[in-house]
Amino acid sequence: MSTIFYDEMIDIRALLDELALVALTDQQEQVLLHHIDQTYHHELLDEILTRLPESAHEGFFILFARDPASGAIWDYLLTHVPSIRDDISKRSQAVHQNLR
């Protein structure tokens, strides 16, 4: 799992605590963690692209491809969608609830 600019918006500690209660092999746990990571990634990118004007998609993808962890991505997004942090936070919380 690589570092992404929105990682600070995701808190999976409660999910990890719940996973610890389930008898899983290391491989099963890794597969499940990968699915959790991918679910957050797809859902949060969907939220971003839904909120971001289509004319700004290319600029976002250029920044994201260059360095997915860059703080410059936040600057770019906030310029186009001032509420994007709240939007991503709400979507992240919804994903968390759906994964439980």
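The largest nonpolar core of this predicted model holds 18 residues. Seven names stand out in it: Phe5, Tyr6, Ile48, Phe60, Trp74, Leu77 and Ile88 touch the most other members. Which elements give two or more residues to this core? They are helix H2 (26–51), helix H3 (57–66), helix H4 (72–80) and helix H5 (84–99). In soluble globular proteins, nonpolar side chains tend to be buried together.

Now take Phe5. Leave aside residues up to four places away in sequence. Phe5 then touches Ile48, Phe60, Phe64, Pro68, Ala69, Ser70, Ile73, Trp74 and Leu77. Find Phe5 in the structure and trace these contacts one by one.

Next, step back to the whole chain. The protein chain has five helices and zero strands. Read from the N terminus, its elements run α-α-α-α-α. Along the principal axes, the C-alpha atoms fill a box of roughly 45 × 25 × 20 Å.

What about burial and surface? The chain has 100 residues, and 32% of them are buried.

How many positive and negative side chains does the protein chain have? There are 7 positive and 17 negative ones. The centres of the two sets lie 6 Å apart.

Note on methods
Residues are numbered from 1 along each chain as its sequence is written. This is a predicted model: local features need pLDDT of at least 70, side-chain atom pairs count only at pLDDT 80 or more; totals for chains, interfaces and linings use all residues. Side-chain values use heavy atoms; hydrogens and water are left out. Helices (H or I, at least four residues) and strands (E, at least two) are DSSP runs, numbered from the N terminus. Buried means under 20% relative accessible area, exposed over 50%, partly exposed in between (1.4 Å probe, protein chains only). Lys and Arg count as positive and Asp and Glu as negative; His and the chain ends are not counted. The place of a charge is taken as NZ of Lys, CZ of Arg, CG of Asp or CD of Glu. A nonpolar core is a set of buried Ala, Val, Leu, Ile, Met, Phe, Trp, Tyr and Cys residues joined through side-chain atoms within 4.5 Å. Contact means heavy atoms within 4.5 Å.
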